[in-house]
Amino acid sequence: MAALPRDSTPDSPENLAEVVVDSSCRDRYHPIDSRGNSGSSTGHMGTSQKGTLLLAYKTLGVVFGGLVTSPLYVYPSMPLKFPTEDDYLGIYSIMFWTLTLIGVVKYACIALKADDQGEGGTFALYSLLCRNLNVGILSSKRVDSNSSLSHINPFEGSEKRSRLGKFIERSVVARRVLLFIAMLGMCMLIGDGILTPAISVLSAVDGIRAPFPSVSKSMVEGLSAVVLIFLFLMQKFGTSRVSFLFSPIMGAWTLTTPIIGIYSIIKYYPTIFKALSPHYIVSFFWRNGKEGWVLLGGTILCITGSEALFADLGHFNKSSIQVAFLVTIYPSLVLTYAGQTAYLIKNPYDHNDGFYKFVPTRIYWPMFIVATLAAIVASQSLISATFSVIKQSVVLNYFPRVKVVHTSHSKEGEVYSPEVNYILMILCVAVILIFGDGKDIGNAFGVVVSLVMLITTVLLTLVMIIIWKTPPLLIALYFLTFFTMEGVYVSAVCTKIPEGGWIPFAISFILAFIMFGWFYGRQRKTEYELTHKINLDRLGILLSNTGIQRVPGLCFFYTNIQDGLTPILGHYIKNMKSLHKITIFTTLRYLLVPKVAPNERIVVKKLGLKGVYGCLIQYGYADSLNIDGDDSATQVIDSLRAYLQNYSNCLQGEEEGVSELEEARMAGVVHIRGKTRFYIGTNCGWFDRIMLAFYEVMHSNCRSALPALGVPSPQRIEVGMLYEA
């Protein structure tokens, strides 16, 4: 256990975070993690070649589902009228260089290096920036006895920061823009989780119409909806149980489609690879003008799912994802698109069914089965990613509290949310039944893909400037290349807004409004509590009143602030005229890091008044609040017992602390939290009236925070109080 500095007073509230159970004594005093996790966020399989290859194989069923199944819907999504051989050569050249530059260079070689302690994605980039600059809304500094060694900001000191970093720190507008960009990326990823299952399954099931022309489009949509409903109903069993066949399925798909592609190249157009020359791109746009630019809304889908290379980094590691992509996925896509294009050059008007038409008749049905299963796999990967994003948003108070279930004891990142699952199911089915045309869904999908890539480019550029200190010439080369390329794609897909492209914007703006409204309400509550907080002197005065009784039992009193006590405490004492003999003021502190080391999660401190203690529970956005079935209250009591044992060894006369704790625990444990509402008076402006009223609606209908801590219902008490807005 870390010792207090000699010149510190153990009774001061400022020292709440100065006592942490050290990792060297964890097994003896602080059994937080019985699995023996070291707390590293990158605790993946070993770095041996065998382990890397095994992980690379597993990524096929999780990471690359959306990307490798894109040949199902790329050509059908293009509004081709009278395509020529040169048009198809130009389209293939565009797709090849898009896959090469965005897939290989940007994601596989650059983005994977910008991990936030093993986690990837747009939110991880925002987290990384917040942890290296004072721009985060939420704290990212851990309370750690060894913080000077392990968690020091590498860019501490304004003289070491770039001018851009200083500007962002000073500018409120810049910080809000940065938050908006990260929030938009999260919303678009959730929109991706709605559109990917819809377009993937619909495109795969549509293959049944080729051998059976009598099958109507409505029947295909109905079958697709049934498949999706079944898939969503299976989510409650957990990703591991649902997806145990995923990697073999994707392995079969990744192997067979390029073989068919090679067959088509040899049979239809052996010189297809001459299209790798960029001059075919120039001639394509020169010849087609605006129509060629509009076609980019379809070609962008060839790189759909590439964000998963980065977003799913936390489930694997950089080497395994790079090996899988560069050795299998990238060559498979290049050969598959080459084969499709070779077939379409000889059959130019078959593009509306560009995948199944180029499959040889003898293997049509096996490929139909593999394609349908692969589409389901692609859907699963985005559904799981959506659960993870929602869980991270809930943990960081960006989203109303929903039920989050951890479906695996060994994988903390494997989560399931019943409410989110059924909302996704309804939206996916609605997209298919209302916008059953694959081109409309493809237009919507293109908007999501292009905007997420553009947001990643902007955030990566900030990381290069502020954190990596990359030479300006390389930053300019990266930014101009990818921002221009992806900006052109965005401009093309924006023309599709009236034709289905508005769907992701509608979804994203609704989600963003929900997230901002919830976040704004939480921030206003925090501001009120900081303004009206109760310090230890005030608490001592309240307890010195002869009318206040110290009743038997142990009380966890939850507070949102760390440098004081919640104003609900004064409201409670004045009305109840009592306080438990052992009271632990507990603060949940979520950090902008993926995971907090087990020995740093729970921090306890004696607050100077008899029987009054402070507790800080720290968690990252990829952490679980319940570990091995032990609720957080048990963990806190164990930590406090270890602290008191050490405290009694240091200071004579404090031996009774442990016995008092045990007596209080045996008398009963109760958890008290505030149930606050805003009183919106006449002095509030119209913005506050709207946002706070919306927040109150969400707050009244969301789940309580205490069940997430494993607190039994009979032990929960909610104290109501009005906060004046």
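A nonpolar core is a set of buried Ala, Val, Leu, Ile, Met, Phe, Trp, Tyr and Cys residues joined through side-chain atoms within 4.5 Å. The questions below concern a predicted model.

Q: Which residues of the largest nonpolar core touch the most other members?
A: In soluble globular proteins, nonpolar side chains tend to be buried together. In this predicted model, the largest nonpolar core holds 158 residues. Those that touch the most other members of this core are Phe64, Leu72, Trp253, Phe325 and Phe355.

Q: Which residues does Leu72 touch, not counting residues up to four places away in sequence?
A: Sequence neighbours up to four places away are set aside here, and contact means heavy atoms within 4.5 Å. With those neighbours left out, the residues that Leu72 touches are Ser200, Ser203, Ala204, Trp253, Phe355, Tyr356, Ala371 and Ala375.

Q: How many residues are in the second, separate core?
A: Apart from the core discussed above, there is a second, separate one, and its members include Tyr528, Leu536, Phe585 and Met691. The number of residues in this second core is 31.

Q: Where around the axis of helix α12 do its buried residues lie, and how wide is the arc that they cover?
A: Helix α12 spans residues 279-288, and its buried residues are Tyr280, Ile281, Phe284 and Asn288. They lie on the same side of α12, because the arc that they cover around the axis is only 105°. An α-helix has 3.6 residues a turn, so residues three or four places apart point the same way.

Q: Which exposed residues does the opposite face of α12 carry, turned away from its buried side?
A: The buried residues of α12 pack against α4 (85-110) and α13 (290-299). The face turned away from that buried side carries the exposed residues Val282 and Trp286.

Q: Is His580 buried or exposed?
A: His580 lies in strand β4, which runs over residues 578-591, and among the residues that it touches are Arg550, Tyr572 and Val670. The cut-off for a buried residue is a relative accessible area under 20%. His580 has a relative accessibility of 13%, and therefore it counts as buried.

Q: What share of the contacts in the protein chain with a separation of 6 or more comes from residues 24 or more positions apart?
A: The protein chain has 25 helices and 8 strands, and buried residues make up 57% of its 725 residues. Among contacts with a separation of 6 or more, the share from residues 24 or more positions apart is 82%.

Definitions and conventions. Residues are numbered from 1 along each chain as its sequence is written. This is a predicted model: local features need pLDDT of at least 70, side-chain atom pairs count only at pLDDT 80 or more; totals for chains, interfaces and linings use all residues. Side-chain values use heavy atoms; hydrogens and water are left out. Helices (H or I, at least four residues) and strands (E, at least two) are DSSP runs, numbered from the N terminus. Buried means under 20% relative accessible area, exposed over 50%, partly exposed in between (1.4 Å probe, protein chains only). The arc is that of the directions from the helix axis to the C-beta atoms.
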